[in-house]
Amino acid sequence: MSSDIKNQWPGDDDTMDVDDPPHAEPMNVDEESEVSPLNQRISEDGPKQSVATGKGVPLSDLQRTCGRWGPPPRPFVIPSPNHSVLFKLPWKAGEAPVAYPPTPCDRWDQEHVRMPHSSESLYPVQETEDEKGLRLRWELVQEALLRSISNSHQLETAILSFNSRYNERWNFRALHSLFNDVLDKEETDIFFKEVLPSMVILALQLPELVTGPIPLLRKHKSHSLTLSQIQIGSLLANAFFCTFPRRNSTKRGSEYSSYPDINFNRLFQSGDSSDSNSIVEKLKCVLNYFRRICSTETAPTGTVTFSRRYIPTGSLPDWSKSTKPLPKLHIRSSGCIEDEGAGMLQVDFANKFIGGGVLGWGCVQEEIRFVICPELIVSRLFTECLDATEALLMIGCERFNQYSGYGHSFEWVSDYTDETPLDSAGRRHCSIVAMDALCFSNSSSQYSIPNLVREVNKAYVGFCEPEDHTSNTLAPVATGNWGCGAFRGDPHLKALLQLLAAGEAGRALVYFTFGDEKLRDRIFAMYQFLIDNNVTVGKLWGLLNRFSKTFSSSSSSTTELYEFLYSSAVEDFNCQEASFVSCKQKGLTEKPKPKPTSSGASSSKTPSKSNTGRGTLKTELTPEDVDQLIEEFDSDAEDCAGTVEAKPRKRVEPAHGSSSSCLDLLEESVLKNSVSKQKSLPIDTAEAKPRKRNESVHGSSSSCLDLIEESLLKDSVSKSLSVDNQLRNRTPAKTNVHVSLAGTSSGFAEVGKLKMFGSATKSTESEQEESISNISSGKKAESKVENSLSSSSPEEKAESKREQTVLSNLQEKTDSDREEVVLSPPERKKESESEEIVVRDSQKLNVPVEEAKSDGVRSSQKSRSNAPKRKISDYFSPMS
């Protein structure tokens, strides 16, 4: 054979220099070149380079994390009930793997591939003019392929001899066009004299090369299958000759209706002129693959793993609760996934029938990937169509072809030598995940919440690593406009959904916009905005849900999505920042919680566990809520009367935590005066054992509180009934607090557990001083009641004087190290109700009603007469 003819089939020396940097875009062949279509070479200057157009984290930084070729591919090749390995282990470099098991085992059932050489594979034949019989299909295949085949028409006759029922339905126009119109005579002769005979031998060696049953990768079952490259070559050779039984029918209800087709008969057909061109170019890729693997010098010795991954719905993430950060991002308008994405987890924009139209007229991202790496086509033999939470991971495939163009402009360029290193099991460090996007007849429907959930879950299934790992050992994801071509997906939305999935899976993201610089800039600007504002996976998911509820019913454009996210996020951030700055000026250390979406619904008596931050917004109480709380206070006071030890009351707290500086001060003061000393039953202070003080649910400082508590625990009885009534009826315009007493005749053993109801907001210093001054005025009223009781001992008088000194010191300390609060007064109760309270309490403690009225009620009324009249809604208005 002359060197000129030999060079028309590119050999090992007819490849791209692996030291050359990867090309940024598919190479365009020089139009003036007169080289044969099967001998189009890369120019001497190397592949065309484009200016670096990436944004975000540099690729070198991402590759530095886990190495140039990424971590060892997973799953590892270890035989198990969930991983079928059809060659003998361990794999040895440079040696062709030996088939396993050593004794052939055939399974003719619905769980395994029905092999053409099976003894159960029978085919009807016409034995005589009147009689039909059954023969082994494999015998018919051997007879047909071992005949001399020197042109495409003889090849057609051989294939139809064991597929006779399709004589009138199959056409081979594309195959005939390739050999008669595209390739010259010398190239055609090389194929039929050298390549085709080797393909026949490889196909007929199937019983010796594949001795074990091939399991079907069925729906809702995670399973892996590892084959050697030579086993895959034999299976694909049989697919080329259309030998697989029961795989030609696509009718609904047929045995393999939920599987893609595997026989190559559709690839041999052609439609209009544009379809014929792409099919012919795909045939060139396939023929070059067979030329390579049938040569004894270039026969492959590696292995490939196909792993179906299924995650039940209940095991998927709760996206709204995720606190994980968004992943690192590198986005570029140039380059392609298979080149710049080397060593990464490369996304196949798949059809749910794996491979899509690779054996038909399709010629877009998935089909192109399958024909430049033809070993991927064998996955169609055993992979059932993918369901909503399933993906197919393909590890170790080798690339055989260089190409240019896309769709109708797709062209085979040259042979390609893949220098990707192998792992310990013989697999190349090339991982491809096939995940199918939804196809939308109405593009606006993709923004609905069910479709958002489906797409983000699908991406997560493809990106996640079910085995134990750390985020530093996971390779980045190389992806792009997934489902955005004929499926009518919005690339702006799909980029965000893949960011969510990658962030949750712990992988960085490398995004290719395939020449669209404007799309690159828009996506990166949105990503940078989200990162600058500390948006997590859960927060971004919440924003997308808000967009869905607002716009999914209307025909929204791609621009509206990002405009909505910008405006919504800015509003949320501005609201939180304004509240944070306001709180920070008052000495708060924590950022306020976001404002609740529904108002007026938090009249609960128990504080929300999730809202324990300080300085947060305040709950609004209706007048009915206030009246109910006062009634509960009265009933509890009656129940607690006469008890020796006060039982702790629950405080009705706002759903969002309030400041506790002045509240705690007033609370302790009230506790000090909440129990009257009875003449007939003195209480020994030594017997009142204090319990451990509960920590504040709002996390406030307790330095001042501990000082008051220490003083109060030593004083086991209060000084007067009038203080009790005064605090009950005093206008809160001056004290600015509602007090809930546990009882009027109990001790101080529960002093640390008594609580108040109401919310705290900010106040001026004058209001706070007025509030504390009212406490002092309450102490003046004590002296009147002390005259009606038995005279106190000198020790009690000294203790009372010391407590007044402590309160005076607290007043000075509060301005410097405690939050300022303002609490508005409740609506003034009717005069008759106040008198009833005084009468009832005076009866409990055996104190004359007139004395209680003169000391308590009149002083409370006098202070209340100076208070401005306000609406009850003003008392509990939220903090701005």
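How are α3 and α6 oriented relative to each other, roughly parallel or roughly antiparallel? Keep that in mind as you explore this predicted model.

**Stop 1: two helices**

Select residues 137-145, which form helix α3, and residues 185-204, which form helix α6. Their axes come within 11 Å and cross at roughly 165°. Angles over 145 degrees count as roughly antiparallel, so α3 and α6 are roughly antiparallel to each other. Their crossing is left-handed. To see the contact itself, show the side chains of W138, V141, Q142 and L145 on α3, then V200, A203 and L204 on α6.

**Stop 2: the annotated site**

Next, select D348, E366 and E367, which an unreviewed UniProt entry lists under "active site". These residues are spread over 20 residues of sequence, yet they cluster in space, with a largest C-alpha distance of 9.3 Å. Two of them, E366 and E367, are included in the lining of the second largest pocket.

**Stop 3: D348**

Zoom in on D348, which you will find in strand β8, residues 345-350. Is D348 buried or exposed? Its relative accessibility is 1%, so D348 counts as buried. Leaving aside neighbours within four places in sequence, its contacts include I354, F370, M394 and I432, as well as E366.

**Stop 4: E366**

Now move to E366 in helix α11, residues 365-372. With 2% relative accessibility, E366 also counts as buried. Not counting residues up to four places away in sequence, E366 touches D348, F349, A350, N351, I354, G355 and G356.

Notes
Residues are numbered from 1 along each chain as its sequence is written. This is a predicted model: local features need pLDDT of at least 70, side-chain atom pairs count only at pLDDT 80 or more; totals for chains, interfaces and linings use all residues. Side-chain values use heavy atoms; hydrogens and water are left out. UniProt positions are given in the numbering used here, feature names are shortened, and annotations may be inferred rather than shown by experiment. On a 1 Å grid over the protein atoms alone, a cavity is a set of points where a 1.4 Å probe fits but cannot get out, and a pocket is an open set with protein on both sides within 12 Å along at least five of seven lines; lining residues have an atom within 4 Å of a point. Helices (H or I, at least four residues) and strands (E, at least two) are DSSP runs, numbered from the N terminus. Buried means under 20% relative accessible area, exposed over 50%, partly exposed in between (1.4 Å probe, protein chains only). Contact means heavy atoms within 4.5 Å. Axes are lines fitted to C-alpha atoms, for helices over the stretch in contact, and angles run from 0 to 180 degrees between N-to-C directions. Angles under 35 degrees count as roughly parallel, over 145 as roughly antiparallel, 65 to 115 as roughly perpendicular and the rest as oblique. A crossing is left-handed if the near helix is turned anticlockwise from the far one by less than a right angle, and right-handed if clockwise.
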